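Try each task before reading its solution.

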Amino acid sequence: ETLCNCGGCLAWHTRTSSTRTSVGQYSEVERRIVKKRSSSNWMPYFTASEVAQHNVEDDCWVSFFGKVYDLTALIKDHKGSQLLVPILRFAGEDITHWFDEKTKEPKTCIDDVSGIVTTYLPYGRFVHVPPLEPTTDWATDFGTPWWKNEHFCVGKLSQKPRLIKIVNTLTTHDHTLEVASEETLNEIQSRYLKINNHAGSYTWKRMKKPLDMNKTLEQNGVKDQSDELNKLGIGENAYTPTLHIYFNDDLTVA
C-alpha cells in the first residue's frame, strides 16, 4: 500500500510499490496512519473542495448525508449506459438533495399520468432506480443499490473546512493548508506528509505551546474565527491561524 496524496487527504489505496514492500518501511507517521486506518470505525475526512477534484468518469466521487462515495467502479461496470448521465453530471458534488432525509432512499413523487408513487428524477433516471413501467431489460439481481452500499464509502465530508498556516522553523518555509475542523492534529499532520516526508520528526506548537496531537484544532485552543470575521464584513480568509513546527533534532530549539 502507498499513500494517495489526492488533495493532501492521504486516503489509502492498494497498489504496487517498488519502493516500499512492508509496513516496516513506512515512516513513523505513516505507520500510525496505517494502524488507525485499519480500525473498523475510523474514516478519513474530506473537504468539499477535495471531493470536487474527483469529477470525471474515470475518477468520480460524490457526497451525500455527510459521507463521501467513490463511484468509479460503479461507472466502470455500467460504462456507456444512459443511467450514468445524472451521476456524471454531479460528479464531485453533493447529491443529498436526491434522497429523502428520513428513508435515505431516492425522493418520490406522484406521477402525473399514472397517479402512482414513483421515484423523483428531475435529472433523469440513474443506476439501480427501477423504470416507471415493467420492462424485460430491467435487471434486479444487483443486490444493494449503490446509495446504500457502504463498499463505495471512502470517508466523511467535513462540515466545516478551515485554513491553517504551517511554518517550518527549521527551513522557514510556510504552507497554507485546507483541513477539516473535525480532524485531530495527527490527521492534519498526515496531510502535511504531502509537503514534508519527515513530518513525524517535528514537534507542533501554537504560540510556543506544544499541541496535543490527539485533539482537534478547536480542542487545542485554535479557535475558528471565520463566523466572527464574516459578521464584521472582513471575510473569513482575512486571518489564518499559524502553527509552528520544530524539528526534534534541532538543538537550537529550547
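**Exercise 1.** How many of the eight residues of helix α5 (residues 185–192) are buried?

*Solution.* First, some ground rules. This is a predicted model, in which local features need pLDDT of at least 70 and side-chain atom pairs count only at pLDDT 80 or more, while totals for chains, interfaces and linings use all residues. Residues are numbered from 1 along each chain as its sequence is written, and side-chain values use heavy atoms, with hydrogens and water left out.

Next, the terms: buried means under 20% relative accessible area, exposed over 50%, and partly exposed in between (1.4 Å probe, protein chains only). Helices (H or I, at least four residues) and strands (E, at least two) are DSSP runs, numbered from the N terminus.

Now count: eight of the eight residues of α5 are buried, so the helix is largely enclosed by the rest of the structure. As background, 38% of the 254 residues of the chain count as buried.

**Exercise 2.** Find the residues with the most contacts inside the largest nonpolar core.

*Solution.* Start from the definition: a nonpolar core is a set of buried Ala, Val, Leu, Ile, Met, Phe, Trp, Tyr and Cys residues joined through side-chain atoms within 4.5 Å. The largest has 21 residues, and Phe64, Leu71, Ile87, Ile95, Trp98 and Trp146 have the most contacts inside it. Then turn to the elements: β5 (59–64) and α3 (72–77) each give two or more residues to this core, and β5 gives the most, with three.

Finally, take Phe64. Leaving aside neighbours within four places in sequence, Phe64 is in contact (heavy atoms within 4.5 Å) with residues including Tyr69, Ile95, Phe99 and Trp146.

**Exercise 3.** Is Leu84 buried or exposed?

*Solution.* Locate Leu84 in the loop between α3 and α4 (85–89). Leu84 has a relative accessible area of 2%, so this residue is buried. Then list what Leu84 touches: Ile75, His78, Lys79 and Val127, not counting residues up to four places away in sequence.

**Exercise 4.** Which strands stand at the edges of the open five-stranded sheet?

*Solution.* Write down the order, β3-β9-β6-β5-β4, with mixed pairing; two strands pair if DSSP finds at least two bridges between them. β3 (45–46) and β4 (55–56) stand at the edges with a single partner strand each, so one side of each lacks a neighbour in the sheet. To finish, check β3 against β9 (residues 153–157): two bridges join these parallel strands, and Phe46 has Leu157 as its bridge partner in β9.
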